[in-house]
Structure formats: C-alpha cells, structure tokens
Amino acid sequence: MHLGRFGWIVVNGVIWLIIGGFLLSMGLYLLILQRREHAMVLVCLGLVLGFIKGSFILSKTAKKAIKRISLISEPISILQVYPPIYLGLIVGMMLLGMGLKWLEIAAHIRGVIDVAVGFALINASRVYFQSAYELKKQR
C-alpha cells in the first residue's frame with residue numbers, strides 16, 4: 001500500500017483515535033458500568049493522567065513520526081512508515097495490554113489504565129490531524 005505524506009499522517013491519526021476510543025470505552029465500562037466505588041474519581045484520575053501523557057509524551061512521539069514521514073520520498077510504503085522494529089513494539093504493547101487481563105489485575109486499576117492510555121492516544125491524535133491540515137493548506 002502506497003500513500004503520500006498527507007495520507008500516512010491521516011492514517012496514523014485515525015489509528016490512534018480508534019485505538020484510543022476503544023481503550024477509553026473499555027476503561028469506562030470497567031469503572032462505571034460495573035458500579036465501582038468512587039468510579040467518577042477514578043475516571044477523573046485516568047483522564048488527568050491521560051491528558052498529561054498525551055500532551056507531554058505521546059505528542060512528542062507523534063511529532064517524531066510526522067518528521068520521519070516528511071523525510072521519506074513519495075510514494076511511501078507501509079514498511080517505510082512502520083519498520084519491523086516499530087511493528088514489534090506495537091505487538092509488545094498489545095501483549096502487555098492482554099497481560100493485564102490475564103494477570104487478573106483488579107478491574108478498577110485496569111479501568112484507570114485503559115482510560116488514561118485511551119485518552120492519551122485520543123489527545124495525541126490531534127497532533128497528526130493538525131499536521132495533516134497544515135500540510136493540506138500548504139498545497
């Protein structure tokens with residue numbers, strides 16, 4: 001699959017947005033729908049942690065990815081955007097997420113983690129969309 005810079009930047013933003021939405025909804029389910037004590041406090045904690053992680057850590061990661069994509073000559077293939085080491089990191093993070101389920105970590109702790117990571121991904125996906133918008137404006 002070959003796309004231009006704009007296409008890959010949007011694809012990355014959409015991926016982060018979808019995964020973030022999935023994790024956020026899972027976390028909210030674990031905290032609210034299962035009637036956890038102090039659910040709203042835990043949701044707020046997850047949102048604050050996610051905001052911090054999204055604003056200060058994942059936004060830098062997104063900017064690095066955008067810079068890397070902007071240096072690749074078009075058309076850009078999927079393996080140029082996602083080198084094998086990056087794909088290995090993604091698989092490792094997925095296994096870590098599944099490990100939280102298998103390790104039987106308390107649902108409220110998993111819920112806070114899912115809310116935090118989900119909101120962080122959603123928050124940082126805006127970096128991709130803003131960059132795509134700026135790139136489109138330049139054309």
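Guide: Let's start with a term we shall need: a crossing of two helices is left-handed if the near helix is turned anticlockwise from the far one by less than a right angle, and right-handed if clockwise. The structure above is a predicted model. The crossing of α1 and α5 in this model is left-handed.

Visitor: Good to know. What else can you tell me about how α1 and α5 pack?

Guide: Their axes lie 7 Å apart, and the packing angle is about 160°.

Visitor: What makes α1 roughly antiparallel to α5?

Guide: The angle does. Anything over 145 degrees counts as roughly antiparallel, and the angle for this pair is about 160°, so α1 is roughly antiparallel to α5. Sorted by class, the contact between α1 and α5 holds 24 nonpolar, 10 polar and 4 charged residues.

Visitor: And why is α1 also called roughly antiparallel to α2?

Guide: The axes of α1 and α2 cross at roughly 165° and come within 12 Å. With the cut-off at over 145 degrees, α1 therefore counts as roughly antiparallel to α2. The crossing of α1 and α2 is right-handed.

Visitor: Which residues bring α1 and α2 together?

Guide: On the α1 side they include Trp8, Ile9, Asn12, Trp16 and Leu24, and on the α2 side they include Val43, Leu47, Leu58, Ala62 and Ile66. By class, that contact has 16 nonpolar, 3 polar and 1 charged residues.

Visitor: Which residues of α1 are buried, and what covers them?

Guide: Among the buried residues of α1 are Trp8, Ile9, Asn12, Trp16, Leu23, Leu24, Leu30 and Leu31, along with glycines including Gly13 and Gly20. Their cover includes β1, α2, β2, α3, α4 and α5. An α-helix has 3.6 residues a turn, so residues three or four places apart point the same way.

Visitor: How do you know that glutamate 104 is exposed?

Guide: The cut-off for exposed is over 50% relative accessible area. Glutamate 104 stands at 71%, so glutamate 104 counts as exposed. This residue lies in the loop between α4 and α5.

Visitor: Then why is lysine 53 called partly exposed?

Guide: Under 20% would be buried and over 50% would be exposed. Lysine 53 has 33%, which falls in between, so partly exposed is the term for lysine 53. Lysine 53 belongs to helix α2. Not counting residues up to four places away in sequence, lysine 53 touches Leu58 and Ala120. Lysine 53 and leucine 121 are 68 residues apart in sequence, yet 8.6 Å apart in space, C-alpha to C-alpha.

Visitor: What makes the backbone stand out at glutamate 104, arginine 35 and proline 75?

Guide: Most residues other than glycine have a negative phi, and most peptide bonds are trans. Glutamate 104 has a positive phi of about 55° although it is not a glycine. Arginine 35, which follows α1, has a positive phi too, near 50°. The bond joining glutamate 74 and proline 75 is cis, with omega about -5°. Proline 75 sits in the loop between α2 and β2.

Visitor: Last one: how many helices and strands does the whole protein have?

Guide: There are 5 helices and 2 strands, in the order β-α-α-β-α-α-α from the N terminus. Of the 139 residues, 35% count as buried. Among contacts with a separation of 6 or more, 86% come from residues 24 or more positions apart.

Key
Residues are numbered from 1 along each chain as its sequence is written. This is a predicted model: local features need pLDDT of at least 70, side-chain atom pairs count only at pLDDT 80 or more; totals for chains, interfaces and linings use all residues. Side-chain values use heavy atoms; hydrogens and water are left out. Buried means under 20% relative accessible area, exposed over 50%, partly exposed in between (1.4 Å probe, protein chains only). Helices (H or I, at least four residues) and strands (E, at least two) are DSSP runs, numbered from the N terminus. Contact means heavy atoms within 4.5 Å. Axes are lines fitted to C-alpha atoms, for helices over the stretch in contact, and angles run from 0 to 180 degrees between N-to-C directions. Angles under 35 degrees count as roughly parallel, over 145 as roughly antiparallel, 65 to 115 as roughly perpendicular and the rest as oblique. Ala, Val, Leu, Ile, Met, Phe, Trp, Tyr, Cys and Pro count as nonpolar, Asp, Glu, Lys and Arg as charged, and the others, Gly among them, as polar.
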